[in-house]
Amino acid sequence: MTTAPISTLAAGEVRTHDRLFIGGRWIQPHGGARIEVVSPNTEEILGTVPDGSLADVDAAVAAARAAFDNSSVWSGLEPAVRAGHLRRFADEIDVRKDELAGLVSAQNGMPIAVAGQLEAVYPSTLLRYYADLIENQAEDVRQGMFGGLVEVRRDPIGVVGAIVPWNFPQTLAAFKFAPALAAGCTLVIKPSPETVLDSFVLAEAAEAAGLPAGVINIVPGGREAGAHLVAHPGVDKVAFTGSTPAGIAIAETCGRLLRPVTLELGGKSATIVLDDAELDLATIGNELFVATLANNGQTCFLGTRVLAPRARYGEVVDVLTAFAESMAIGDSRDPGTQIGPMATARHRERVEGYIAAGRSEGGRITTGGGRPADQDRGWFVQPTVFADVDNKVTIAREEIFGPVLSVIAYDGDDDAVAIANDSDFGLGGTVWSSDPDRARAVASRVKTGTIGINRYIPDPIAPFGGIKQSGMGRELGPEGLAAYQNIKSIYR
Ligand code: NAD
């Protein structure tokens with residue numbers, strides 16, 4: 001790379017926070033434990049923040065509860081007034097969007113170019129989208145079939161416990177707080193320990209926007225703090241994005257408590273290349289990147305099983321190999337980088353374990369498979385393509401969450417659909433074809449929550465989420481707002 005890394009952190013700067021944003025104030029944490037954030041690029045310490053204790057979670061839930069229960073604070077405000085708060089919050093986030101993107105990129109290895117297009121854009125976009133939606137939500141009064149009128153109200157569900165992973169910390173927090181705030185809910189947000197520095201900037205934006213005290217509370221912490229939040233008697237709804245095993249544990253708790261929960265979990269989606277697909281990388285390269293490798297493969301919706309028609313199998317393998325080899329690997333803060341490091345050392349080990357499993361189960365590596373020779377520090381993995389993969393082997397079944405693609409041969413469209421559907425997951429996917437009608441027909445047969453044709457990008461207006469092991473419920477769109485509302489019928 002020719003350009004110098006850019007970051008909101010100066011070289012050698014260690015960002016330190018000593019207080020937590022709870023109840024509209026910066027308060028002393030209850031315990032002394034700290035979280036250290038380590039750079040995946042340089043392995044140096046980037047910052048330290050309080051590790052939220054169970055008592056901190058209790059304080060945050062109490063603040064959110066008090067703000068919710070006093071309806072004059074937030075839940076009972078006129079939608080137009082709440083919408084005004086959301087727009088001011090969006091403005092304050094926009095003021096800080098470069099800082100937010102820079103911090104995310106520095107902490108989790110997301111290429112800054114990707115962070116600038118996603119992490120810097122979704123949060124304020126979603127706040128404005130939901131501000132418009134809540135402001136325009138029409139009164140719903142129906143003529144009853146047994147006489148009288150029925151008023152159908154959409155009341156805020158209450159206090160939300162929002163648990164966020166490290167891969168898109170700002171975007172996935174906003175998937176939750178934007179509709180929740182619009183609905184009239186209050187929140188406790190628990191970011192992942194790997195990406196906490198950006199959450200303090202989000203708190204600063206909330207404070208600067210003048211959100212009423214207790215409406216948003218942020219407690220960085222690990223699994224124990226998360227589990228405590230999920231089971232907390234003061235929480236009315238849980239919204240979780242993360243791994244399937246954690247999602248199952250959370251669903252068990254919520255099931256026992258009969259607590260509403262939204263779960264956005266892992267994926268193992270299919271990129272279905274039809275036999276008439278355009279394969280010129282100059283034409284499809286950008287869209288293919290978003291659909292298969294974005295954020296170093298650390299993205300839940302990626303189509304990492306590439307299904308290729310047998311007649312064009314060699315061609316598809318060659319194109320993907322060239323595509324992977326064309327990727328600029330480097331420091332995530334460099335604007336030219338397309339593939340940065342894995343978020344943590346432990347996660348790189350996991351990805352390397354899958355590459356070893358792919359080899360031992362008969363996969364043929366056409367490019368990659370190791371660590372880039374020119375990176376002497378940081379947790380890098382080469383973009384890797386496996387050919388001759390059977391859909392039954394480990395790398396085709398389990399989510400790798402790294403830059404590893406598997407190419408699987410199929411015979412005819414029916415076979416492609418059958419292989420795509422032969423998965424424990426159902427979150428994303430794409431169909432590539434020069435015939436939109438044919439692509440749409442195939443897309444409609446794939447069992448998944450979302451799917452794209454020759455492109456993939458979660459749109460704010462469209463419900464996003466998965467089926468099977470990929471989760472329950474939907475975020476985004478009007479459906480995402482409904483997830484934070486209790487429907488109540490008043491028979492008049
Ligand atoms: P993770 O499940 O380990 O952690 C996610 C969050 O949950 C973290 O904040 C963590 O502290 C917390 N947590 C973990 N166990 C918990 C428990 N038992 N109770 C309460 N909280 C708990 O996942 P991760 O490694 O941070 O993220 C990667 C995973 O997230 C991948 O599997 C990926 O597919 C998934 N993901 C899914 C989506 C989606 O929308 N479907 C989006 C992004 C990431």
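Start by selecting residues 313-325, which make up helix α11. The end C-alpha atoms of its 13 residues are 18 Å apart, and that agrees with the 18 Å they should span at 1.5 Å a residue. The expected span here is 1.5 Å times one less than the number of residues in the helix. As for the labels, helices (H or I, at least four residues) and strands (E, at least two) are DSSP runs, numbered from the N terminus.

A quick word on ground rules: this is a predicted model, where local features need pLDDT of at least 70 and side-chain atom pairs count only at pLDDT 80 or more, while totals for chains, interfaces and linings use all residues. Residues are numbered from 1 along each chain as its sequence is written, and side-chain values use heavy atoms, with hydrogens and water left out.

Stay on α11 and colour Y313, V316, V317, V319, L320, T321, F323 and A324: these are buried. Buried means under 20% relative accessible area, exposed means over 50%, and partly exposed is in between (1.4 Å probe, protein chains only). What do they pack against? The buried residues of α11 pack against α10 (281-292) plus a set of strands: β13 (270-273), β14 (305-309), β15 (364-367), β16 (384-387) and β17 (404-410).

Now step back to R312, in the loop between β14 and α11. Buried or exposed? R312 is buried, since its relative accessible area is 17%. Leaving aside residues up to four places away in sequence, R312 touches L274, D275, D276, A277 and L279; a contact means heavy atoms within 4.5 Å.

Next, select residues 79-95, helix α2.

Time for the ligand. How many residues surround the ligand? There are 26, the closest being K190, S243, L265, C300 and E399; a residue counts as near if one of its heavy atoms lies within 4 Å. Zoom in on the polar contacts (pairs of N or O atoms within 3.5 Å; within protein, one must be able to donate a hydrogen and the other to accept it, and residues adjacent in sequence count only if both atoms are side-chain atoms). An N or O atom in the side chain of S243 is 2.6 Å from a ligand oxygen, and one in the side chain of K190 is 2.9 Å from a ligand oxygen. G242 uses a backbone N or O atom, 3.2 Å from an oxygen of the ligand. Taken alone, the ligand exposes 830 Å², and the protein buries 90% of that (Shrake-Rupley method with a 1.4 Å probe; for residues, only the protein chains shown count as cover).

While you're there, check C300: it is buried, at 14% relative accessible area. Then jump to C185, also buried, at 0%. Its sulfur is 15 Å from the closest cysteine sulfur, in C254, so that pair is too far apart for a bond. The structure holds 0 disulfides (pairs of cysteine sulfur atoms within 2.5 Å).

Last stop: backbone angles. D388, in the loop between β16 and α13 (394-397), has a positive phi of about 60° although it is not a glycine. D388 is partly exposed, at 42% relative accessibility. K468, in strand β21 (residues 467-468), has a positive phi near 50° and is not a glycine either. With a relative accessible area of 39%, K468 is partly exposed.
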